[in-house]
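Here are a few friendly notes to read alongside the model. Please keep the viewer open and follow the points in order.

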Amino acid sequence: MDGHIPVHLNVNGQAHALSLDPRTTLLDCLRERLGLTGTKKGCDQGACGACTVLLGGERVNSCLVPAVQCDGMEVVTIEAMAGHGLGAKVQEAFLTHDGFQCGYCTSGQICSIVAMLGEHRDGRPSAVTEDLTGPVALTDAEIRERMAGNLCRCGAYNGIVAAVKEVAAG
Amino acid sequence: MREFGYVRAATVAEAIGLAAEGPVAYLAGGTNLVDLMREEVERPRRVVDISRLPLSAVEDLPDGGLRLGALARNAHVAADDRVRRRYPVLARALLRGASPQLRNRATVGGNLLQRTRCRYFYDLGAACNKRAPGTGCEAIGGFDRGHAILGASESCVAVHPSDMCVALAALDATVNLTGPEGDRSVPVSDLHLLPGDTPQVETVLRSGELVTSVDLPPWPPARGAYVKVRDRASYAFALVSVAVLVQVHEGTITLARIALGGVAPKPWRAYAAEELLTGAAADERTFGAAAEEAVVGARPLRHNGFKAELARRLIRRTLVKLS
């Protein structure tokens, strides 16, 4: 098609060969082209985090990433989390601790938490970390700061923090 | 979003060559450009994707400084051991900007060249000299609480929203550019222009020029801090932020640098305040005088008069804490 760009994506372990208008975001590609509607469109401007997925292993706002930029890359979405050891644990902890109410932000929260726990394991500091070079304990303040990119308008934040703490404690 | 042609550049030379053929928008992390294109504030006919150019390394410089590749992600720069150990002010500024998801995409070059978040700039129905030169400025006399108190003009009162740039200004960083006419370097404090009567011209970049890296000089003998005040505890732009470097020797200030964010159309170095501090006694009186000096000439708008007082208090408090 005119102006369309060939794009190869590996989504949740499955390869897709697509031809996309360069205006297509990764979010719209996942939802509209691949039928993976677990990833939600909230603000569509990078402000709410509902569209969070893992791109090349890192959490991103899929609403701000043109899908053509992801050519040849690996994408992991909420649909893969039940079969992902850590993802499944986070989902269980959300049920235990009431980490959601309406559920619209939940898929983004869970993808974000999985990546956040990896960042913490890698020793990355956050804006509330006192010592930039030492080990960081995953306190409530650290969890809240590291999850600041995922809004929950129902206000399930206390449950989300409790869920993260349970998973992080192993 | 308007239609555009998309080309992925494999080399810097190819990107520059494409830009030499006609106007293009360089696309890196996309966290600002994609949003602006969706809102149709930016309507490039051609987009050159530079995200795969080999410009993402963070490298030691022979003089003890550090070179940040233009495509290094904000998250990676903040997590880099050398940045954390040698340039904590920069690490802290980066970590106070945006959200983890955005920092994973946003690049050094994109952060430098990001556009204002003035709501009138984003609103196609509003008059805005930056977006549509000659139409006026609805921010003046409008909801101007987040706007500039320093360096603004009758044409535009928008602020530069970056945290990273405030730290870079205090560090005396240098921005390296390449373009159709060759390579050059500019001090980061000279990269952004004040609006005057051409607020649509925001930097000294020439047509087709590309940021390739930012050089940090060796950390000077000083203590430093980055302090940011915003409407919520995280994930918000600065109302006022300040990067301070200060060194005190036997009660005398031997080095002082102050850069402000959230108050001006560019990262704002308070040179006169630095001069007042250097060589003076490190006491509360000096700090108070420097804080006053930093916002001399401030022109508050209807709703943002608090910014001058906030800036004074932040500077004074940070100087006390560091000395």
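1. Let's begin with the overall build of chain B, which has twelve helices and twelve strands. Its radius of gyration is 19 Å, close to the 20 Å that the globule rule gives for 323 residues, so chain B is as compact as a globular protein of that length. Please bear in mind that this is a predicted model.

2. Along the principal axes, the C-alpha atoms of chain B fill a box of roughly 60 × 50 × 35 Å. Of its 323 residues, 55% count as buried. Among contacts in chain B with a separation of 6 or more, 64% join residues 24 or more positions apart.

3. As general background, nonpolar side chains in soluble globular proteins tend to be buried together.

4. Helix H5 of chain B (residues 88–95) is worth a look: eight of its eight residues are buried. One of them is the charged residue B:Arg92. The buried residues of H5(B) pack against helices H3 (74–79), H4 (81–86), H6 (100–105) and H9, and also against strands S9 (223–229) and S10 (240–249), all of chain B.

5. Now compare helix H11 of chain B (residues 284–294), whose buried residues are B:Thr286, B:Phe287, B:Ala290, B:Ala291, B:Glu293 and B:Ala294. Seen down the helix axis, they fall within an arc of 160°, so they line one face of H11(B). On the other side, B:Glu284 and B:Arg285 are exposed. The cover over the buried residues includes strand S11 (252–261), helix H10 (271–277) and helix H12 (306–322) of chain B.

6. Leaving aside residues up to four places away in sequence, B:Ala294 touches B:Ile258, B:Leu260, B:Ala270, B:Ala273, B:Ala311 and B:Ile315.

7. Finally, where do the two chains meet? The contact takes 29 residues from chain A and 26 residues from chain B. On the chain A side, strand S4 (58–61), helix H3 (106–121) and helix H4 (140–146) each give two or more residues. S4(A) has the largest share, four residues. By class, this side of chain A has twelve nonpolar, eleven polar and six charged residues.

Methods. Residues are numbered from 1 along each chain as its sequence is written. Chains are lettered from A and ligands numbered from 1 in the order in which they are written. This is a predicted model: local features need pLDDT of at least 70, side-chain atom pairs count only at pLDDT 80 or more; totals for chains, interfaces and linings use all residues. Two residues are in contact if their C-beta atoms, placed from the backbone, lie within 7 Å. A residue is buried if 20 or more other C-beta atoms lie within 10 Å of its own, exposed if 12 or fewer, and partly exposed in between; C-beta atoms are placed from the backbone. The arc is that of the directions from the helix axis to the C-beta atoms. The radius of gyration is taken over C-alpha atoms; the globule rule is 2.2 Å times the number of residues to the power 0.38.
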